[in-house]
Amino acid sequence: MSTSIVILGAGTGGTIMANRLRKRFARDAVRITIVDENDLHIYQPGLLFVPFGIYQPDDIVRPRGKQLHQGIEYIQSRVESLDAENKSVSLGNGATLRYDLLLIATGARLLFEETEGLTGPGWRESVFDFYTLEGASALADKLRSFAGGKVLVNLTELPIKCPVAPLEFAFLADWYFTQRGIRDQVDLSFVTSLDAVFTKPVAARHLGQLMTEKNIHVVTEFNTGEVRGAEGKLRSWDERELDFDLLVTVPLHGGPAFAAGAPGLADALDFIAVDTHSMQSKAYPDIFAIGDAASLPTSKAGSVTHFEADILIDNIGAHLAGEPLRGSFDGHTNCFVETGFHKALLIDFNYETEPLPGRFPFAGGPMPLLKESRLNHLGKLMFQPMYWNMLLPGHHMPGIPTDMPRSGKRFPEPATTN
């Protein structure tokens, strides 16, 4: 009897792993089934560019099924529930799938309803998101006619998909309004629950300096409690209040809702609780998770998912063979941060090492770290064709190692004691 692998979610992580598993195992030995509730595979980094007219919605959407290799069964249905004890998944179409190994790759849910008033009066009129295709498209229409006023870019709370995206939006807004000739009529602010613009100190200093140079005001430790769209007011839990003419918000995120039904599977936000290095469930050995659905203490981003997949493919193979899991993910994260005016900076870090200045991917490498350059901007744009033609089909990305490279980074000198 063949082994049954069920994958929940046909986004970046699910598609990469389905294709890699199909290439790894013979069809008569392993049956692979992947489930998703819709057939729209969205290139999520492209959502950032839609509001500014750099991409159109059709540029970043393709059918999910066409990204999968032959020999993979694709089911379009909602996941209703998971019975982890009996290794079965109930679907919205009435079917029940039994598995020998389950891979959860459902991504993160956007929890708009968790912020009071967010989708009330003013929604998609003066209050927008850009983390959905509908939101990014509506915001594009709004920005084309926006004549000036107070603009807030609001990060409600981490974790979120692509933590640098709210920063990038603020930088691109500065560029966009400058291009339109109305930048001096726009009061632009970045509002965050964090105590700085980013979670890592060295990168936070570099990015904060850019905010200052671009005249983007920064409001820190603002824990969003309520949106009053009709009044144009954003309120925090400590009753601070900010006025706006346009609010661009990044809502709270959570893991898959069905995870709550399996004791011990997920954390308080429903992200799948996994070992930080093997990506195996802490509660159920036959369950693994990848990408934004996992509780890993690293960025939820496509490049991270790619590095996770390099490790996970070997660990799943070892698990099915009854062998110890030897693959160890180091938390490698690699992100281009778009800063506007056809420039971007690059950050590269892992669990142990924060983003540092230097060169990538080796000493004397072509791409500067933590420094704006046009080459980094081109790298950001080039990622889309690489995503469709290399990443999703399950190929290795040339020149980018799975583990974080140390070569090229300028590490601080160790402290000396007298």
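**Close-up views of a predicted model**

**View 1. The crossing of helices α2 and α3 is right-handed.** The structure shown is a predicted model. From α2, the contact is made by Leu 139, Leu 143 and Arg 144. From α3, Phe 169, Tyr 176 and Phe 177 take part. By class, five of the contact residues are nonpolar, none is polar and one is charged. Arg counts as charged, so Arg 144 of α2 is the charged residue in this contact. Two packed helices are described by the angle between their axes and the distance between the axes. Here, α2 (residues 133-145) and α3 pack at about 35 degrees. Their axes lie 11 Å apart.

**View 2. Helix α3 spans residues 165-179.** The helix has 15 residues. From first C-alpha to last, α3 reaches 20 Å. That is close to the 21 Å expected at 1.5 Å a residue. α3 is mostly covered, with 13 of its 15 residues buried. Just after the helix comes Gly 181, with a positive phi of about 80 degrees.

**View 3. Ser 189 sits in strand β13.** The strand covers residues 186-192. Ser 189 has a relative accessible area of 10%. Buried means under 20%, so Ser 189 is classed as buried. Neighbours within four places in sequence are left aside here.

Technical notes: Residues are numbered from 1 along each chain as its sequence is written. This is a predicted model: local features need pLDDT of at least 70, side-chain atom pairs count only at pLDDT 80 or more; totals for chains, interfaces and linings use all residues. Side-chain values use heavy atoms; hydrogens and water are left out. Helices (H or I, at least four residues) and strands (E, at least two) are DSSP runs, numbered from the N terminus. The expected span of a helix is 1.5 Å times one less than its number of residues. Buried means under 20% relative accessible area, exposed over 50%, partly exposed in between (1.4 Å probe, protein chains only). Axes are lines fitted to C-alpha atoms, for helices over the stretch in contact, and angles run from 0 to 180 degrees between N-to-C directions. A crossing is left-handed if the near helix is turned anticlockwise from the far one by less than a right angle, and right-handed if clockwise. Contact means heavy atoms within 4.5 Å.
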